[in-house]
Amino acid sequence: MSFLRRRSATPAGPDFDVLAMDPGDWPGNLGAGLLPAPDGTCQGVFLRYDLFGGRGPAMIIGNLPEGSPAREVAEGEIPFEVGQLLLALENEEEVTVVGTEDTPVLQGDNLLIVRRLKLSETRISCVQFDRSDGVLVTIAAWDRPITDDLYALLKPLPAELFQQG
């Protein structure tokens with residue numbers, strides 16, 4: 001996964017490549033959020049994909065580098081991205097992780113070990129995998145299963161999407 005490397009130059013946004021679906025491939029609205037650290041570095045990026053027609057968020061994809069506080073969750077607690085999905089849906093239900101399952105998945109020529117999280121709220125699908133550069137990718141979807149086809153759509157987004165200005 002040579003394209004999933006740390007950049008040498010520091011952009012105005014994250015200092016790592018963000019792996020997600022291209023906004024042009026999504027039939028809805030895309031929102032991006034940066035998690036800043038006190039020193040100005042980026043501790044993560046999450047992208048929220050909303051469907052047209054006000055049908056609400058369908059998916060959140062997070063990219064959290066090593067050391068990001070958002071990665072630190074206790075056993076049984078939901079990932080940051082699932083929490084963001086619940087907030088966006090204005091769903092205040094208590095949700096926990098009830099199990100995990102590791103599955104091998106091919107992304108192009110690369111083999112990913114994908115962790116499928118089983119949640120107490122069965123309408124949420126959630127998967128996680130570690131990239132070769134130490135960034136944890138988490139995908140949380142509402143009322144839609146996450147199939148292996150999705151991994152073929154994931155690619156690094158251009159840094160210009162995250163430029164301040």
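With which residue does Asp130 form a salt bridge? The partner is Arg115, and the closest N and O atoms of the two are 3.8 Å apart. By salt bridge I mean a side-chain nitrogen of Lys or Arg within 4 Å of a carboxyl oxygen of Asp or Glu.

A word on the basis of this talk. The model is predicted, so local features need pLDDT of at least 70 and side-chain atom pairs count only at pLDDT 80 or more, while totals for chains, interfaces and linings use all residues. Residues are numbered from 1 along each chain as its sequence is written, and side-chain values use heavy atoms, with hydrogens and water left out.

I return to the opening pair. Helices (H or I, at least four residues) and strands (E, at least two) are DSSP runs, numbered from the N terminus. Asp130 counts as partly exposed at 41% relative accessibility, and Arg115 is partly exposed at 24%. Here, buried means under 20% relative accessible area, exposed over 50%, and partly exposed in between, with a 1.4 Å probe and protein chains only.

The whole structure holds seven salt bridges. Among them is the one between Glu101 and Lys118, with the closest N and O atoms 3.6 Å apart. Glu101 belongs to strand β5 (residues 97-107) and Lys118 to strand β6 (residues 110-119), so the pair ties together parts 17 residues apart in sequence. Another joins Arg123 to Glu121, at 2.9 Å between the closest N and O atoms. Arg123 is partly exposed at 39%, whereas Glu121, at 5%, is buried.

Let me turn to the aromatic residues. How many aromatic pairs does a search of the whole structure find? There are two. Rings of Phe, Tyr and Trp (its six-membered ring) pair if their centres lie within 6.5 Å; planes under 30 degrees apart count as stacked, over 60 as edge-to-face and the rest as tilted.

Phe46 and Phe80 form an edge-to-face pair, 5.4 Å centre to centre with 75 degrees between the planes. Phe46 sits in strand β3 (residues 42-51) and Phe80 in helix α1 (residues 80-88), so the pair ties together parts 34 residues apart in sequence. Phe46 is buried at 16%, and Phe80 is partly exposed at 21%.

Phe129 and Tyr151 also pair edge-to-face, at 6.1 Å and 75 degrees. This pair links strand β7 (residues 124-130) with helix α2 (residues 149-153), and both Phe129 and Tyr151 are buried.
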